[in-house]
Amino acid sequence: MNIQDITLRTAEAEQFLKALANRYRLTILCELHGGERAVAELEAVRSGRPDLTMRQMAIVLTVFLEPPPHTVRGLAQALNIAKPAVVRALDRLEELDFVRRREDPDDKRNVLIERTVKGSVYMRETGDLIAAAALKGRR
């Protein structure tokens, strides 16, 4: 296999993974792996949990997995997206109480993005869902 084939297959895999990257889609796929399911059963898998976009999930993962401090500028640079897109995603994450914004005491021009308890619980539950789905898929 040459480098061009690898690059092409990597790009195809990336697109496929982006399509599946929603946590609920992954959970539903893991459920389907075990056999046929009724629509009501699949809906129960995702009920009660907010549905984040890829961008929102990328931001919340960065905030929770990378050491602070986090700023809009830093998140935009780390994720290679525009600052206004980061702000829109943070608006939603703040509505969900997954993150909090506050003024940087050292530089009033900066806004710091902080973790919240509710966001920590969400991240822990997400990790538990993924681990459970992976274990279930092995059986």
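User: Which residues does Thr-71 touch, not counting residues up to four places away in sequence?

Analyst: Leaving out residues up to four places away in sequence, Thr-71 touches Val-111, Leu-112 and Ile-113, where contact means heavy atoms within 4.5 Å. This is a predicted model, in which local features need pLDDT of at least 70 and side-chain atom pairs count only at pLDDT 80 or more, while totals for chains, interfaces and linings use all residues. Residues are numbered from 1 along each chain as its sequence is written, and side-chain values use heavy atoms, without hydrogens and water.

User: Why is Thr-71 called buried?

Analyst: Its relative accessibility is 18%, and buried means under 20% relative accessible area (1.4 Å probe, protein chains only), so Thr-71 counts as buried. A polar atom of the Thr-71 side chain also lies 2.9 Å from the backbone nitrogen of Gly-74.

User: What makes Thr-62 count as buried?

Analyst: Thr-62 has a relative accessibility of 14% and therefore counts as buried. Its side chain places a polar atom 2.8 Å from the backbone oxygen of Ala-58, and Thr-62 touches His-70, Leu-75 and Leu-79, residues up to four places away in sequence not being counted.

User: How do you know that H5 and H6 are roughly perpendicular?

Analyst: Helix H5 (residues 72-79) and helix H6 (residues 83-95) pack at about 110 degrees, with axes 9 Å apart; angles of 65 to 115 degrees count as roughly perpendicular, and H5 and H6 are therefore described that way. The contact is made by Val-72, Arg-73, Leu-75 and Ala-76 of H5 together with Lys-83, Val-86, Val-87 and Leu-90 of H6.

Conventions
Buried < 20%, exposed > 50% of the residue type's maximum accessible area, 1.4 Å probe, protein only. Polar contact = N/O pair within 3.5 Å; in protein donor to acceptor, adjacent residues only side chain to side chain. Axes fitted to C-alpha atoms, helices over the stretch in contact; angles between N-to-C directions. Helix = DSSP H or I, 4+ residues; strand = E, 2+ residues; numbered from the N terminus. Parallel < 35°, antiparallel > 145°, perpendicular 65-115°, else oblique.
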